[in-house]
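This briefing is intended for a reader who has the sequence and the coordinates at hand.

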Amino acid sequence: MDSLITAAAQALAAGDALGALKRIALRDDAPALALRGIAMAQLGDLIRARVLVRQAARAFGTRAPRARARCIVAEAEIALAARDLDWPTAALDDARAILAAHGDQANRAHVDCLTLRRLLLIGQLDEAERRLAVFDPTPLMPPSRAAYELVVAGLALRRLRTGAARQALDTAARAAERAGIPALRAEVEQVRRSLQAPAARLIAGGTQRLLRLDEVETLFASDRFVVDACRGDVRDAQTRVSLARRPVLFTLIRALAEAWPADIDRDTLVARAFRARSADESHRARLRVEVGRLRRALRALADIKATSRGFVLVPHDRAEPVVLAQPTDETHAAVLALLADGESWSSSALALALGASQRTAQRALDALAASGKVQALGRGRARRWLVPALPAFATILLLPAPLGGD
């Protein structure tokens, strides 16, 4: 490797993309193409970066399998930064096998870290935890180690383990400091600030107040009867019932919890659960059926008793019901939560992360764009979506979670 390539690689490792380009901008040999691609990625031109890295992989060819595999890894990382989450993972698995066969443990571990980051982004938390349990981060270089610790912190935050998240962020901050990359340090600090930002609203006794993530964690560990409108759960410290797939039942239990200790009349329940302007006998009959289903679903946590004008919630052990709601009332909160990372997303990537159809994601984006909450860049397949300004609240509880999972 010649001196210019070495100097350019050292500049990139320090986050100096312009310094690297000054040395190799006019060269089109394989190593220079790869470094130019990484430099363009650091400067934010992800489309050009992917083109250059692909050209480098073709230029290396089969004579340099290790270098070609590293180009494939670089392209996967660029795709991840561009939120192109449906890129072919088989090619990355092949690259990992080649790197492991050539003893390149640092880049092999980096591939595993990329896989973990993708799983976290698309909400596959159980698979991410399974892989994390057997992952050895020792070979990672400081920039990759910081990214790995951010994954650990992100997973801990999604599971509401704020203590573990803080420990991971402390380790990430030290790794980012060793790496000497300002953007990486800023990313760690952004996640750290989310721990102090409002994450949810607590509704109890007709009053509301904002909670941080650690306060939500404490609430879940208490004996209180919690109706979690962020995840569609009903729980206490020992038992959790998911109603995420049963929106009518969840609407009913939320209305009953908000009215507690008073009862709530049948017409109000019909209006909230069925969106009917006026209740007739068919609505009231359907309400009785749904309340019966709700009783069976929550028999381990509470009872629902009929009154002269409606129904009242009666938690077991006299636990006080509270409702944990989103920090802001927003129909498409999960879309905003994904966009809150500051990156630009395609509608297909959002659909993959949400577990919804692309058309559903597009309708949500159109509605948010009409209200000025998101904006689009580009056209056609190159169109990306982002929020004009980052929200002033933590979005962890707004992120989509596997239905029926924690």
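The protein chain contains 18 helices and eleven strands. The model is a predicted one. Along the principal axes, the C-alpha atoms of the chain fill a box of roughly 85 × 40 × 35 Å. The chain has 406 residues, of which 47% count as buried. Among contacts between residues at least 6 apart in sequence, 56% join residues at least 24 apart.

**Helix H10 and its surroundings**

- Helix H10 comprises residues 162-179, which is 18 residues in total. From its first C-alpha to its last, H10 reaches 25 Å, close to the 26 Å expected at 1.5 Å a residue.
- The buried residues of H10 are Thr162, Ala165, Ala168, Leu169, Ala172, Ala175, Ala176 and Ala179. Because these residues cover an arc of only 135° around the axis, they lie on the same side of H10.
- The face of H10 turned away from this buried side carries the exposed residues Gln167, Glu177 and Arg178.
- The cover over the buried residues of H10 includes helix H1 (3-13), helix H9 (142-158), helix H11 (182-194) and helix H12 (213-221).
- Gly180 follows H10 and has a positive phi, near 70°.

- Leu160 is placed in the loop between H9 and H10.
- The phi of Leu160 is near 60°, a positive value in a residue other than glycine.
- Leu160 counts as buried because its relative accessibility is 11%, and the buried class comprises values under 20%.

**Glu215 in helix H12**

- Glu215 is located in helix H12, one of the helices that cover the buried residues of H10.
- With a relative accessibility of 26%, Glu215 counts as partly exposed. The value falls between the cut-offs of 20% for buried and 50% for exposed.
- Glu215 and Thr162 are 53 residues apart in sequence, and their C-alpha atoms are 9.6 Å apart in space. Thr162 is itself one of the buried residues of H10.
- When residues up to four places away in sequence are not counted, Glu215 touches Arg209 and Leu210.

**Packing of helices H8 and H9**

- Two packed helices are described by the angle between their axes and the distance between the axes.
- Helix H8 (residues 125-133) packs against H9 at an angle of about 135°, and the two axes are 11 Å apart. This angle makes H8 oblique to H9.
- The crossing in which H8 passes H9 is left-handed.
- On the H8 side, Leu125, Ala128, Glu129 and Leu132 take part in the contact, and they meet Tyr148, Val152, Leu155 and Arg158 in H9.

**Packing of helices H13 and H15**

- Helix H13 (residues 247-259) and helix H15 (residues 281-297) pack at an angle of about 85°, with 10 Å between their axes. H13 is therefore roughly perpendicular to H15.
- H13 contributes Val248, Leu249, Leu252, Ile253 and Leu256 to the contact. H15 contributes Arg286, Leu287, Glu290, Val291, Arg293 and Leu294.

**Loops on either side of H13**

- Leu243 lies in the loop between strand E5 (240-242) and H13. With a relative accessible area of 2%, Leu243 is buried.
- Not counting residues up to four places away in sequence, Leu243 touches Gly232, Val234, Leu249, Phe250, Ile253, Leu294 and Ala297. Among these partners, Leu249, Ile253 and Leu294 also take part in the contact of H13 with H15.
- Leu243 and Thr62 are 181 residues apart along the chain, and their C-alpha atoms are separated by 53 Å.
- Pro261 is placed in the loop between H13 and strand E6 (264-265). The peptide bond from Trp260 to Pro261 is cis, with omega near 10°.

- Arg83 is found in the loop between helix H5 (65-81) and helix H6 (89-101).
- Although Arg83 is not a glycine, its phi is positive, at about 55°.
- The relative accessible area of Arg83 is 9%, and this residue is buried.

Methods:
Residues are numbered from 1 along each chain as its sequence is written. This is a predicted model: local features need pLDDT of at least 70, side-chain atom pairs count only at pLDDT 80 or more; totals for chains, interfaces and linings use all residues. Side-chain values use heavy atoms; hydrogens and water are left out. Helices (H or I, at least four residues) and strands (E, at least two) are DSSP runs, numbered from the N terminus. The expected span of a helix is 1.5 Å times one less than its number of residues. Buried means under 20% relative accessible area, exposed over 50%, partly exposed in between (1.4 Å probe, protein chains only). The arc is that of the directions from the helix axis to the C-beta atoms. Contact means heavy atoms within 4.5 Å. Axes are lines fitted to C-alpha atoms, for helices over the stretch in contact, and angles run from 0 to 180 degrees between N-to-C directions. Angles under 35 degrees count as roughly parallel, over 145 as roughly antiparallel, 65 to 115 as roughly perpendicular and the rest as oblique. A crossing is left-handed if the near helix is turned anticlockwise from the far one by less than a right angle, and right-handed if clockwise.
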